[in-house]
Every structure is written in structure tokens, then in C-alpha cells.
Amino acid sequence: MNTQVELFDNKVENDISIEPKDWMPDAYRKTLIRQIGQHGHSEVVGMLPEGNWITRAPTLKRKAVLLAKVQDEAGHGLYLYSAAETLGADRDDMMEKLIAGRMKYSSIFNYPTLTWADIAAIGWLVDGAAIVNQVALCRTSYGPYARAMVRICKEESFHQRQGFEAMMVLANGTPEQKAMAQDAVDRFWWPALMMFGPNDDNSPNSAASMAWKIKLFSNDELRQKFVNNTVPQVLQLGLTIPDKDLTFNEETGNYEFGEINWDEFFAVIAGKGPCNHERIEARRKAWEDGKWVRDSAAVYAQKQQVNAQKAA
Ligand code: BYC
């Protein structure tokens, strides 16, 4: 008779999904709640820098696209919070931890969106980086997370293309528009590379997450893939990459890039980025303003339950 541990290990080894009712080690559950919860928070906080431009989008078409994109991100947050709930996490608790600074969200959303080109850069570079990471997560070992990723990737793929198209229009526009596009690339390039997390030799969660097949590729592998995908796109746009050390290695087929400013990354994830305070305050306000809705829904659900019991 197999022990629970052997059954779990066997499933992971043979790429059979772990499902909510299956036995799983406590540490596996805990790291999934951490990663999925933080991923959900990233989607929701990620709506803020983009939402900032809905009223200022340059045309009706751009406004409609941006509105749809921001709504998609809200949906992604909901799938992810639901996936975390299948592991026993509590949504209110996750929200309170986010607001108290005890749960993270992606570092990228702590940078401001100063111009319209930043919205194009988010769609193209940020969603582009997210897809590289998330395509790999479509085969992650926890079933509900993997299934949420399949749908999310389809939507992110549209986001990435619309971002590239918006950037292409700017890059081929007036000299002022091209300069605005270049400025956005200059400011978003390095933070996009930071989205993949610290280098592999400085990533405390990676060893366990890779053994459990939560992560199928390391932070550095995914970052390299993103750079290889994106450098030719930047060049195609006639823009430059703000990295004097960038070179193409013909033997490996990789674009080798310069040193990431890890001091900046660790400061941002410790709450000291340019917009951390503003982002958390926006989430705190939304959480407090929405209390009456949550309370009303709870009372309504209770009444429905009482009525159902009476009818039974
Ligand atoms: N930002 O041991 P490591 C989107 C933390 S949103 C902040 O390598 P792990 C979109 C990490 O959490 C896409 N924190 O960790 C939405 C850990 O701290 P804790 C978001 C970061 O988990 C709206 C510590 O650093 N995508 O697409 O093995 C509009 C050590 O790191 C970051 C996801 O969330 C960071 N960049 O690997 C537009 C993908 N990097 O938790 C677009 C899912 C690291 O121990 N997540 N940290 O306190 C993952 O794949 C992994 O969690 C990571 C990090 C690769 C991010």
C-alpha cells in the first residue's frame, strides 16, 4: 500500500495534476497559496497603472481596448483567488495581508505610467514577460492553477499584441511620438526583466517549487527566453534597448544582457518603489469602500440559506 507521500510524489513525477481533494504536503499547499495569491494580487494591482489612462486614451478605439484589457485583468484576479481558495485560503485574509504589506504583488506595478506610450509598453513588454512565465505555468502541477493559466494566457496574448501594435504606431509616428515610445522602453525594459524574480542562485523558493513542478523553468531561464523573444521586436520597431552590454552570442543563440540593478529590485519588493504607497492606498480604499457590498452579500446569502432550509 502506497503512503500518501508516495502517491503525491508519484503523481508529480508522472505529470498527473494534483487536485484540491488530493493529499498534499503542507509546504506544497503553503507555497502555492503564496504564489497564486501573489499572482492574483498582481493582476488586481496591475489594473491601477493602466486604469489611470482609461479617461485619457487617445482615441475611442484605444479606450475600448484598454477598458477591455483592464476588465480582463480583474477576471484573472478572480480566477486566481478562486484557485487559491481551493487550497483553503481565505480571500478576505489574502486581501488584508496585501494591504498590510504581508503579501507581495509584482514589482513592475510600482512604476508610474507617465505617458500614453507607457500603456503600450505595459501591454507589449509587461504582458509579454507575463506570458513567458504563464505559458510555463499552464503545465504546473496543481490542476486549478494550471487550468486558470490556460485561459489567462489566451487573453494575455491579445494584450501583448495590442500593446505591440500601439507601440508600432508610436514608433512610426511623429518624432515626438517616437521619442515617447523610446522613453517608455527606456523606463520599462529593466523593470520587465525584474518581473522574473531574483537570479537562480538567489531565489530561496526555487528549489522546492521546481522539485514539486510548480515551477517548470527557473527565473533565469524564463528571463533569457523573454530577452531572446523581445530584442528582435525592439529592433523591428526601430527603437533601442537601454543596455550597453547587450550582445548576441552566436554559439548559444542567446542575447546576453547586462547586470540587473538588484538593489532597486529588492527595494521595490520591500515596499520602497516609486508607487508602492499609492498602490496599496488605492487597494485599501477599494477594500474599505466595498465593505457594504460584502456585508450585504453575506446577509443575502444567509437569508437564502434560511429560506432553503424552511422549504426543505
Ligand atoms: N515582484 O524565491 P523567488 C500580469 C519575491 S501580472 C515581487 O524566486 P518564487 C499583469 C518572491 O515572491 C503577472 N516579488 O520566488 C497584470 C519571493 O518572496 P516571498 C504576475 C517578487 O515565487 C495586470 C522572493 O521575491 N505574474 O501579467 O519562486 C496588467 C524571492 O523570489 C518578484 C506572476 O505572479 C517580483 N517580480 O518566484 C498587466 C507569476 N520576483 O513570496 C499584466 C507567478 C520574486 O517568499 N509567480 N519576488 O515573500 C511566479 O512565477 C513566481 O512567484 C516568481 C518568483 C517567478 C514571480
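Let's start with Tyr255: in this predicted model, Tyr255 is buried, with a relative accessible area of 17%. The cut-off for buried is under 20%, so Tyr255 falls on the buried side.

For Phe248 and Tyr255, the centres are 4.8 Å apart and the planes stand at 55°, so we call the pair tilted.

Now have a look at Trp262 and Phe266. Their ring centres lie 6.4 Å apart with the planes at 45°, so this pair is tilted too. Both residues belong to helix H11, and being four residues apart there, they are separated by about one helical turn. Trp262 is buried at 13% relative accessible area, while Phe266 counts as partly exposed at 34%.

In total, the structure holds eleven aromatic pairs. There is also an aromatic cluster, formed by Phe8, Trp23, Tyr28 and Trp212.

The charged end of Arg56 sits over the ring of Trp53, 4.0 Å from the ring centre. Likewise, Arg294 lies over the face of Trp287, at 3.4 Å from the centre of that ring.

Finally, the helices. The axes of H8, residues 175-194, and H10, residues 219-236, come within 10 Å and cross at roughly 155°. That makes H8 roughly antiparallel to H10. Among the residues that meet are Trp189 and Leu193 from H8, and Phe226 and Val231 from H10. The contact residues divide into eight nonpolar, one polar and one charged.

Definitions and conventions:
Residues are numbered from 1 along each chain as its sequence is written. This is a predicted model: local features need pLDDT of at least 70, side-chain atom pairs count only at pLDDT 80 or more; totals for chains, interfaces and linings use all residues. Side-chain values use heavy atoms; hydrogens and water are left out. Axes are lines fitted to C-alpha atoms, for helices over the stretch in contact, and angles run from 0 to 180 degrees between N-to-C directions. Helices (H or I, at least four residues) and strands (E, at least two) are DSSP runs, numbered from the N terminus. Angles under 35 degrees count as roughly parallel, over 145 as roughly antiparallel, 65 to 115 as roughly perpendicular and the rest as oblique. Contact means heavy atoms within 4.5 Å. Ala, Val, Leu, Ile, Met, Phe, Trp, Tyr, Cys and Pro count as nonpolar, Asp, Glu, Lys and Arg as charged, and the others, Gly among them, as polar. Rings of Phe, Tyr and Trp (its six-membered ring) pair if their centres lie within 6.5 Å; planes under 30 degrees apart count as stacked, over 60 as edge-to-face and the rest as tilted. Buried means under 20% relative accessible area, exposed over 50%, partly exposed in between (1.4 Å probe, protein chains only). A charge sits over a ring if NZ of Lys or CZ of Arg is within 6 Å of the ring centre and within 35 degrees of the ring normal.
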